[in-house]
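Please read it alongside the sequence and the structure.

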Amino acid sequence: DRCHRVSDSALRALAERCRRLEILSLCGCERITDMTMHALAAHCPRLKAVRLDRCCRITDSAIAVLCCSCPLLEHISLMSCSLLTDTSLRVIGQHCARLRVLSVHLCCRMSNAGADAFVQARREVTLHR
């Protein structure tokens with residue numbers, strides 16, 4: 001938690017060298033951007049759990065790339081990711097067939113309607129909002 005100095009370039013290097021990575025927590029890595037998500041998507045297709053809490057520079061398009069490239073995702077935590085919208089909920093719902101837990105607490109651009117639609121479509125997933 002609170003990895004303020006971790007950069008996109010360091011995480012790109014990690015992704016390139018750790019292709020069997022299954023679990024990754026980047027909570028509080030406030031400097032990382034969509035570039036990290038693209039690197040993970042390109043090099044770490046075995047990801048099962050990712051925590052991006054307080055990664056405030058991550059956008060919907062990065063979540064889309066990650067979800068489309070990492071079909072084994074079971075747990076995603078996006079708490080306090082202030083740029084994410086209902087678009088991320090839709091993409092996660094469509095592409096993460098193995099998902100069991102999704103945390104979107106304090107994602108201020110996600111609506112209650114979007115969360116309700118996600119829950120209706122994916123009743124087997126525990127949604128923390």
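**Helix packing, burial and salt bridges**

1. Helices α2 and α3 are roughly parallel to each other, a label given to angles under 35 degrees, with over 145 counting as roughly antiparallel, 65 to 115 as roughly perpendicular and the rest as oblique. Their axes come within 8 Å and cross at roughly 10 degrees. The axes are lines fitted to C-alpha atoms, for helices over the stretch in contact, and the angles run from 0 to 180 degrees between N-to-C directions. Helices (H or I, at least four residues) and strands (E, at least two) are DSSP runs, numbered from the N terminus.

2. This is a predicted model, in which local features need pLDDT of at least 70 and side-chain atom pairs count only at pLDDT 80 or more, while totals for chains, interfaces and linings use all residues. Residues are numbered from 1 along each chain as its sequence is written, and side-chain values use heavy atoms, with hydrogens and water left out.

3. Which residues make the contact of α2 with α3? From α2 come Asp34, Met37, His38, Leu40 and Ala41, and from α3 come Ser61, Ala62, Val65, Leu66 and Ser69; contact means heavy atoms within 4.5 Å. Six of these residues are nonpolar, three polar and one charged. In this scheme Ala, Val, Leu, Ile, Met, Phe, Trp, Tyr, Cys and Pro count as nonpolar, Asp, Glu, Lys and Arg as charged, and the others, Gly among them, as polar.

4. Helix α2 is largely enclosed by the rest of the structure, because seven of its ten residues are buried. Buried means under 20% relative accessible area, exposed over 50%, and partly exposed in between (1.4 Å probe, protein chains only). The buried residues of α2 are Asp34, Thr36, Met37, Ala39, Leu40, Ala41 and His43. Their cover includes α1, β1 and α3.

5. In α3, the buried residues are Asp60, Ala62, Ile63, Leu66 and Cys67. Seen down the axis of α3, they fall within an arc of 160 degrees, so they line one face of the helix; the arc is that of the directions from the helix axis to the C-beta atoms. The elements covering them include α2, β2, β3 and α4.

6. Serine 88 sits in helix α4 (residues 86-95). Its relative accessible area is 0%, so serine 88 is buried. Apart from neighbours within four places in sequence, serine 88 contacts Asp60, Ile63 and Met110.

7. The structure holds four salt bridges, each a side-chain nitrogen of Lys or Arg within 4 Å of a carboxyl oxygen of Asp or Glu. One of them pairs lysine 48 with glutamate 22, the closest N and O atoms being 3.9 Å apart. This pair links distant parts of the chain, 26 residues apart: lysine 48 lies in the loop between α2 and β2, and glutamate 22 in the loop between α1 and β1. Lysine 48 is partly exposed at 32% relative accessibility, and glutamate 22 is partly exposed at 34%.

8. Aspartate 116 forms a salt bridge with arginine 129, with 2.8 Å between the closest N and O atoms. Aspartate 116 is in helix α5 and arginine 129 in the segment after β5, 13 residues apart. Aspartate 116 is partly exposed at 38%, and arginine 129 is partly exposed at 46%.
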